[in-house]
Amino acid sequence: MCAVPRVSDEHLAARRQQILDAARRCFLRNGFHATSMQDVISEAGLSVGAVYRYFSSKHELVTSIAQSVLDGADDLFADLATAEPPLPLVEALDRALQFVEAQTGPDGVFPLAVQVWAESLRDPALADFVARLYSGFRARFVVLARRAQQAGELPADADPEAVGAVLFGLVPGFVLQRVLAAGPDPKTYLDGVRALLASHGVEK
């Protein structure tokens, strides 16, 4: 009896990515609700069985894409939080905004991230996933705030948890304005942040 050739891990990973790329195009073009599994199958150019071998439902596709959309942001935030020497808060935010700006166009990841946020309001499993991921993001900014406090950039009585939460909140706020309302460019946004910090004696 002839042995069945073993499919390489590289082939499996490439096929999985092919399906995710097809789903991403469908979601960006038509939105989550208007996209069916059959749409994804047709877009990928694969058989029904080939697609369902990797993803049993649209929910799994949405979650996997959400993970891929936000992984790059988490990598960046981790780098910002652990930079040596510690980054000034405005410089860290500047780097975060530059990353976001590069991904807010029609082919970027953040228009899809906005759809993920909306979908999480009706999908409890996705909501839990997004909450856990964004809690991790916020924790990165709390580390930034704590290190800034240790470096004397923040007052000794400042609450790093509160500062980190507000600092992180500036990032999705920027995303929403850029994606939904062609809002301010990063420099203008950052100038506003500097003005607010200076009015409270933080940014000189």
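In this predicted model, the side chain of T35 places a polar atom 2.8 Å from the backbone oxygen of G31. A polar atom of the T35 side chain also lies 3.3 Å from the backbone oxygen of C26. T35 itself sits in the loop that joins helix 1, residues 9-30, to helix 2, residues 37-44. With a relative accessibility of 2%, T35 counts as buried, because the cut-off for that class is under 20%. Once the neighbours within four places in sequence are set aside, the residues in contact with T35 are C26, F27, N30, V40 and K58.

**The protein as a whole**

The secondary structure of the protein consists of nine helices and zero strands, and from the N terminus onwards the order of elements is α-α-α-α-α-α-α-α-α. The C-alpha trace extends over about 75 × 40 × 30 Å along its principal axes. Of the 204 residues in the protein, 42% are buried. When contacts between residues at least 6 apart in sequence are considered, 63% of them join residues at least 24 apart.

**Helix 1 against helix 6**

F27, which is among the contacts of T35, also takes part in the packing of helix 1 on helix 6. The axes of helix 1 and helix 6, the latter covering residues 110-120, come within 10 Å of each other and cross at roughly 75°. Angles of 65 to 115 degrees count as roughly perpendicular, and the two helices are therefore described in that way. On the side of helix 1 the contact is made by R24, F27 and L28, while helix 6 contributes P111, L112 and Q115.

Helix 5 itself comprises the 13 residues 89-101, and the distance from its first C-alpha to its last is 18 Å, close to the 18 Å expected at 1.5 Å a residue. Its buried residues are L89, V90, A92, L93, A96, L97 and V100. Viewed down the axis of helix 5, these buried residues fall within an arc of 155°, so they line one face of the helix.

A92 is one of the residues of helix 5, and at 0% relative accessibility it counts as buried. Not counting residues up to four places away in sequence, A92 touches L80, L87 and L144. A92 and L144 are 52 residues apart along the chain, and their C-alpha atoms are separated by 8.2 Å.

**Helix 7 and its two ends**

Helix 7 runs over residues 124-150, and its 27 residues should span 39 Å at 1.5 Å a residue; the C-alpha atoms at its ends are 39 Å apart, which agrees. At the start of helix 7, a side-chain oxygen of D123 reaches to within 3.1 Å of the backbone nitrogen of A125. Just after helix 7, G152 adopts a positive phi of about 85°.

L167 is found in helix 8, which covers residues 160-181, and it is buried, with a relative accessible area of 9%. Leaving aside neighbours within four places in sequence, L167 is in contact with L89, L93 and F141; L89 and L93 are among the buried residues of helix 5. The C-alpha atoms of L167 and G108, which are 59 residues apart along the chain, are separated by 23 Å.

A182 lies in the loop between helix 8 and helix 9, residues 186-199. The phi of A182 is near 45°, a positive value in a residue other than glycine. With a relative accessible area of 66%, A182 is exposed.

**Accessibility of individual residues**

The table sets out the relative accessibility of the residues discussed individually above.

| Residue | Relative accessibility | Class |
|---|---|---|
| T35 | 2% | buried |
| A92 | 0% | buried |
| L167 | 9% | buried |
| A182 | 66% | exposed |

Notes
Residues are numbered from 1 along each chain as its sequence is written. This is a predicted model: local features need pLDDT of at least 70, side-chain atom pairs count only at pLDDT 80 or more; totals for chains, interfaces and linings use all residues. Side-chain values use heavy atoms; hydrogens and water are left out. Helices (H or I, at least four residues) and strands (E, at least two) are DSSP runs, numbered from the N terminus. The expected span of a helix is 1.5 Å times one less than its number of residues. Buried means under 20% relative accessible area, exposed over 50%, partly exposed in between (1.4 Å probe, protein chains only). The arc is that of the directions from the helix axis to the C-beta atoms. A polar contact is a pair of N or O atoms within 3.5 Å; within protein, one must be able to donate a hydrogen and the other to accept it, and residues adjacent in sequence count only if both atoms are side-chain atoms. Contact means heavy atoms within 4.5 Å. Axes are lines fitted to C-alpha atoms, for helices over the stretch in contact, and angles run from 0 to 180 degrees between N-to-C directions. Angles under 35 degrees count as roughly parallel, over 145 as roughly antiparallel, 65 to 115 as roughly perpendicular and the rest as oblique.
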